[in-house]
Amino acid sequence: METNHINQSPIDLEILISDLKTEDARNLKLMHQMQQLMWGIASVYVFIIALKFIMTSPWFEKLGGFLTLVALVAFALIFRNYHKEYKSIDYGIPTIQMLQKAAIRYGLLQSRVLYIVVPIILEGIGLNLMMYDNFTDLEPLNRILFFQMSYFLVMVIAFIIGYVIWKKLQKPLRDHALALLREFES
């Protein structure tokens with residue numbers, strides 16, 4: 001009989017692996033869908049930029065469209081990389097190594113998240129330049145600040161939503177993987 005000194009239910013490796021496979025499959029599908037969405041939106045932006053050049057829009061709108069397009073392509077490439085990563089997950093490797101990779105994969109802040117910061121900044125600048133003329137009631141600096149604060153608020157809300165999803169779906173998987181690793185090491 002196994003004694004559990006932490007007052008938690010014992011962690012079953014088979015259940016954890018099943019849950020990891022389910023979450024990995026969900027993320028694989030999500031990364032593929034996000035990649036396709038980014039390529040689709042980037043295609044629309046190519047058309048928008050072409051129209052801006054034909055219609056002789058101000059230079060800042062053209063630059064904004066280009067920066068937004070670059071950000072969308074960067075997002076598509078990042079999602080493609082994540083898709084490849086989830087597609088190449090191997091559950092046949094040694095258990096300890098598989099659990100270590102799962103714990104890293106489902107950690108909250110990872111170094112690879114920093115790759116998303118640059119496209120987010122580019123997108124914010126690009127959208128700001130494209131929408132600059134929409135806020136004619138405001139002074140130029142106030143136009144920029146108003147848009148950037150709105151954009152920042154949207155990014156904070158997106159981060160909070162992502163955090164809640166992580167805490168509900170992925171943190172338990174990470175915690176269980178780490179607990180099993182500690183159990184195997186002791």
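Analyst: A crossing is left-handed if the near helix is turned anticlockwise from the far one by less than a right angle, and right-handed if clockwise. The crossing of H1 and H2 is left-handed. This is a predicted model, where local features need pLDDT of at least 70, side-chain atom pairs count only at pLDDT 80 or more, and totals for chains, interfaces and linings use all residues. Residues are numbered from 1 along each chain as its sequence is written, and side-chain values use heavy atoms, without hydrogens and water.

User: What makes H1 roughly antiparallel to H2?

Analyst: H1 and H2 pack at an angle of about 160°, with axes 8 Å apart. Axes are lines fitted to C-alpha atoms, for helices over the stretch in contact, and angles run from 0 to 180 degrees between N-to-C directions. Under 35 degrees counts as roughly parallel, over 145 as roughly antiparallel, 65 to 115 as roughly perpendicular, and the rest as oblique. H1 is therefore roughly antiparallel to H2. Their contact holds 21 nonpolar, six polar and six charged residues.

User: How do you know how H2 is oriented to H4?

Analyst: Their angle is about 155°, and their axes are 7 Å apart. That makes H2 roughly antiparallel to H4. H2 passes H4 in a left-handed crossing. By class, this contact has 19 nonpolar, four polar and two charged residues.

User: Why are H4 and H5 called oblique?

Analyst: Helix H4 (residues 114–131) and helix H5 (residues 140–185) pack at about 140°, with their axes 10 Å apart. H4 and H5 are therefore oblique to each other. H4 passes H5 in a right-handed crossing. The contact divides into eight nonpolar, three polar and two charged residues.

User: Why is Gly126 called buried?

Analyst: Buried means under 20% relative accessible area, exposed over 50%, and partly exposed in between (1.4 Å probe, protein chains only). Gly126 has 0%, so Gly126 is buried. Gly126 sits in helix H4. Leaving out residues up to four places away in sequence, Gly126 touches Gly64, Leu67 and Thr68. The C-alpha atoms of Gly126 and Lys62 are separated by 9.0 Å, though 64 residues apart along the chain.

User: How do you know whether Gln110 is buried or exposed?

Analyst: Its relative accessible area is 17%, so Gln110 is buried. Gln110 lies in the loop between H3 and H4. Neighbours within four places in sequence aside, Gln110 is in contact with Ile104 and Arg105.

User: And Thr56: buried or exposed?

Analyst: At 64% relative accessibility, Thr56 counts as exposed. Thr56 is in the loop between H1 and H2. Its phi is near 50°, a positive value in a residue other than glycine.

User: What makes a set of residues a nonpolar core?

Analyst: The members are buried Ala, Val, Leu, Ile, Met, Phe, Trp, Tyr and Cys residues, joined through side-chain atoms within 4.5 Å. The largest such core has 31 residues, and Leu16, Leu20, Met38, Tyr45, Phe79, Tyr82 and Leu99 touch the most other members. Two or more residues come from each of helix H1 (13–54), helix H2 (59–87), helix H3 (95–105), H4 and H5.

User: Which residues does Tyr82 touch?

Analyst: Not counting residues up to four places away in sequence, Tyr82 touches Met31, Arg112, Val113 and Ile116.

Conventions. Helix = DSSP H or I, 4+ residues; strand = E, 2+ residues; numbered from the N terminus. Nonpolar A, V, L, I, M, F, W, Y, C, P; charged D, E, K, R; others polar. Contact = heavy atoms within 4.5 Å.
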